[in-house]
Amino acid sequence: MMQGFARRVVPLVAAIAALTALPTASVAQNTPTQQPGSHRQFAVGPQYDFTHVYVAPGTEQAFAASWVSTFGGTTIGPNATQVTPTPSRTLSELVLSPVGTLSVFDYTTPVPYPFGTERTGWLVTDLDQAVRAARADGAAVTVAPFADPIGRDAVVQFPGGVSAQLYVHTTPPSYPDLASVPENRLYLSPDAVGAFLRSYLAFTGGRIVSDDRKADGAAIGLPGATYRLLRLTSGFGSTTVTVTDGHLPHPFGRELTGYGVSDLGATLDRAKAAGASVPWGPVPVGGRDSAMVQFPGGYLAEIHTLR
């Protein structure tokens, strides 16, 4: 399966590398149009929803190599470029893997604020309409739309401080389907969760799959305690919302994304052989085994068995 995944992706390398040379003044939004009268159909597919990974300076190649050794897949880049509306420089690399897509940033200059606070990048069908809808649904636009080397972007923040980058490409990308859809893992307080859900679900067109108010605290390093766990789904993929009093042991709350695999033990062995560490787990809880893995460059991920 991994070899087939790589064969499907390799032709993308030349196409996307060529896009990085396009002038920012030439921008078109050639993505599928939304249905008239609706602003809820902005999602394109979870393989186009990237986790934004900011690695320690000089570690981008070590991170990408470790990730691909662990999960399979391929990389596009790195390219030295500017991806912010104000002057900056980063090595930017796209990692396409069966368990999720990542945008990796290894900055050679200071990172302009508020970049680095956004968790994900979501491909949308129409950037300007998505920005207007986000505002209407209670999100703040923390970075107004701007041009990058291959398209346009904006950053929105939902109640509770959850930020996402919205983007379109000048030429629509084409990535293979994922073997498993990753989880966007959010940690919120009881004070923030209500406003967050109203805004987030309205914008994403999502729904609540489950709401467990007495989830086993062992899943977040608190055996014997309980917490509220919500699972959401939308065209942008899966989201888990952990609602706590903030009394969390390290490293919980530091991870951005959870990844499902068929064999957790084998995956952890590959990760450790590729230079990653396992600061917590594996622990059986909630019908699946789970562990935290820290990859070279500092990126922390939750990895769990598929149910």
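Which strand is P78 found in? P78 sits in β2, residues 74-81, where strands (E, at least two residues) are DSSP runs numbered from the N terminus. This is a predicted model, where local features need pLDDT of at least 70, side-chain atom pairs count only at pLDDT 80 or more, and totals for chains, interfaces and linings use all residues. Residues are numbered from 1 along each chain as its sequence is written, and side-chain values use heavy atoms, with hydrogens and water left out.

**View 1. Two cis peptide bonds.** Most peptide bonds are trans. The bond from G77 to P78, though, is cis, with omega near 10 degrees. Another cis bond runs from Y113 to P114, with omega near 0 degrees, and P114 lies in the loop between β4 (100-107) and β5 (120-123).

View 2. The whole structure holds 26 aromatic pairs, meaning Phe, Tyr or Trp rings (six-membered ring for Trp) with centres within 6.5 Å; planes under 30 degrees apart are stacked, over 60 edge-to-face, the rest tilted. Here F252 and W280 pair edge-to-face, 4.8 Å centre to centre with 80 degrees between the planes. They're 28 residues apart: F252 is in the loop between β12 (237-243) and β13 (257-261), W280 in strand β14 (277-285). Both F252 and W280 are buried (under 20% relative accessible area, 1.4 Å probe, protein chains only).

**View 3. A cluster of rings.** Ring pairs tie together F42, W122, F158, F196, Y200, F203 and F236.

**View 4. Around V162.** V162 is in strand β8 (162-169) and is buried, at 7% relative accessible area. Beyond neighbours within four places in sequence, V162 has contacts (heavy atoms within 4.5 Å) with R119, V156, Q157, L186, L188 and F196.

Note on methods
Helix = DSSP H or I, 4+ residues; strand = E, 2+ residues; numbered from the N terminus. Buried < 20%, exposed > 50% of the residue type's maximum accessible area, 1.4 Å probe, protein only.
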